[in-house]
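Here are my notes on the model, in numbered points. Please read them with the structure open.

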Amino acid sequence: MNRTMSLIAGTVALAAVTGVAALTAPEAPSAEVARAAAERPVERTKLLCPSPSRSDIAETLYTAFSPVTEGAADGGKAELVPAAPPGGAYDGDEGQDGEDGGDGGNTDEPENSEESAKSEDDGKPKDTAASDKPVMKLKEPGKPVTREVSGGEEDALLGTADGRFAPGWAVQQTTTVAVGSGRGLHGAACSVPDTDFWFPGASTAEFRTDYVHLTNPDDSAAVVDIELYGPEGQLETSIPDGITVPPLGSERVLLSTLTDQPLPDVTAHVGVRSGRVAAQVEALDTGNGGDWIAPAAEPAGSLVLPGIPKDATSVRLIAYAPGDSDADLTVRLASPTGAITPAGHESLHVKAGMTASTDLKDVTRGEAGSLLLTPTGRDVPVVAGLQVVRGKGGKQETAFIPATEAITTRATALGNTAKGTTLSLVAPTEDATVKVTSSAGSEGGTGDSRTYKLKKGTTTDVELPVPSGLEGTYALVVEPVSGGPVYASRTLVSSLGGIAAFTVQTLPDDRGRVAVPTAEQDLTVLQN
């Protein structure tokens, strides 16, 4: 009886932390808990997708997928519903595309906002996303589904998966904008809600229009703070009381309206006072395209930024030290043959509380590469990201690569095509073996798998196991088999009127499994 009660208490404690027992994305358990716990597939998870674009000429492809997971619960479903549209209080005065698209920064709600904010049944304001009609559903694990939308009226999406669909559930949105500010290919992996986010590489410069997108998955309001840090320290911002994100809704905050200092490189810190949100930055450049900036890995002394395109014409490193100590970093490039030190860029000094940046130029020189940052001396936590440019002159396009976490069990990349897809795998400290499996195509085809051996200190752009008879897009599932830690990213490229359009998504672990205490375990450690 006591053991049974201990298990119940532990499950309640876990539910209090994650929102529901067996929800994805709990923090890694302590070593003591992990040793005494069994890993099991998660049973429920949430994903949140930002509003993809404000451009009237935007074309967005959503892809959703759950890998087949041994031991997963039976039944279940995975679906996405629209979030309430932004109120517009933090949008600023300028739209995304000038004459070509967007709502011109209009702080009024979109024309369809009244309908979007009401239930289909009784016309009353909706108070739960569960009453909304899903816009996208998965049919079965192992096969991706897609959805295409046009224009700039698409709201953020709230997604929930449970049962057999929950472990490893992933959603990708890929948007093409042909002209205007930020024209190019924009890709974002929809993300789990959390309370703390770092975005090195954001900007408040006049040539950039950067929005922080905040999406609230819960039925109570969230209150969020946004702090900005430049090369001389923290910037004074204009919303000291925080930003309120409505229940089951979203807000879009134009960073340049928060400060009177136009700076090309800032680090944005999103912290949640109450509730939880998903946060991503939409970065639009007037001349060099744009892309989404995903949250960087948590501050650490050593970081990996994987998958710099081999034809990159400009690579810029941005780093920030959030603590009280300066950080001195050794900069290395993991090339196909081993780790090398870029000439003239051997190190980076980051002052405490300040953002530092350096131009690495065309550091990859036509070969696959990833950036490795390690402490020169004392281990001081930092966050870091890369701004990467392909093309020259008026044909340039920009993407961002934040530092990411290693894949511990599995990671998934969606929206892959027969041509124009690159998977970069990095083994920074030890040799490693990795298995990559392709799914069936969204419209047809049979998946395949291959195993790759990675050498220590190298980046490998692998030959992909493209599904036979592929129709539509497909998923790639990456699973470390043996050896040291593995990091990964996926690059999509597309021809867009002669522009070198591309987008890069890093592939952190999908956290599709969770450590569950056994009945015999004393669970007091989980309750502290």
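1. What volume does the largest cavity have? This is a predicted model, and in it the largest cavity has a volume of about 50 Å³. The count comes to three cavities of 30 Å³ or more.

2. Now the lining of that cavity. It is made up of 13 residues, and the closest to the cavity centre are Pro200, Ile293, Gly385, Phe400 and Pro402. By type, the lining residues of the largest cavity divide into ten nonpolar and three polar, with no charged ones.

3. Which elements give two or more residues to the lining of the largest cavity? They are strand S10 (196–202), strand S26 (383–390) and strand S27 (397–402). The largest share, four residues, comes from S10.

4. Next, the aromatic rings. The structure holds two aromatic pairs. One of them joins Tyr229 and Tyr320. The Tyr229–Tyr320 pair is tilted, with 4.6 Å centre to centre and 35° between the planes. Tyr229 sits in strand S12 (residues 222–230) and Tyr320 in strand S20 (residues 312–320), so this pair ties together parts that are 91 residues apart in sequence.

5. Are Tyr229 and Tyr320 buried or exposed? Both are buried. Together with Trp198, Tyr229 and Tyr320 form one aromatic cluster.

6. Arg390 lies over the face of Phe502. The distance from the ring centre is 5.2 Å.

How values were computed: Residues are numbered from 1 along each chain as its sequence is written. This is a predicted model: local features need pLDDT of at least 70, side-chain atom pairs count only at pLDDT 80 or more; totals for chains, interfaces and linings use all residues. Side-chain values use heavy atoms; hydrogens and water are left out. Rings of Phe, Tyr and Trp (its six-membered ring) pair if their centres lie within 6.5 Å; planes under 30 degrees apart count as stacked, over 60 as edge-to-face and the rest as tilted. Buried means under 20% relative accessible area, exposed over 50%, partly exposed in between (1.4 Å probe, protein chains only). A charge sits over a ring if NZ of Lys or CZ of Arg is within 6 Å of the ring centre and within 35 degrees of the ring normal. On a 1 Å grid over the protein atoms alone, a cavity is a set of points where a 1.4 Å probe fits but cannot get out, and a pocket is an open set with protein on both sides within 12 Å along at least five of seven lines; lining residues have an atom within 4 Å of a point. Grid points are joined across faces, edges and corners, and a volume is the space filled by probe spheres set on the points. Ala, Val, Leu, Ile, Met, Phe, Trp, Tyr, Cys and Pro count as nonpolar, Asp, Glu, Lys and Arg as charged, and the others, Gly among them, as polar.
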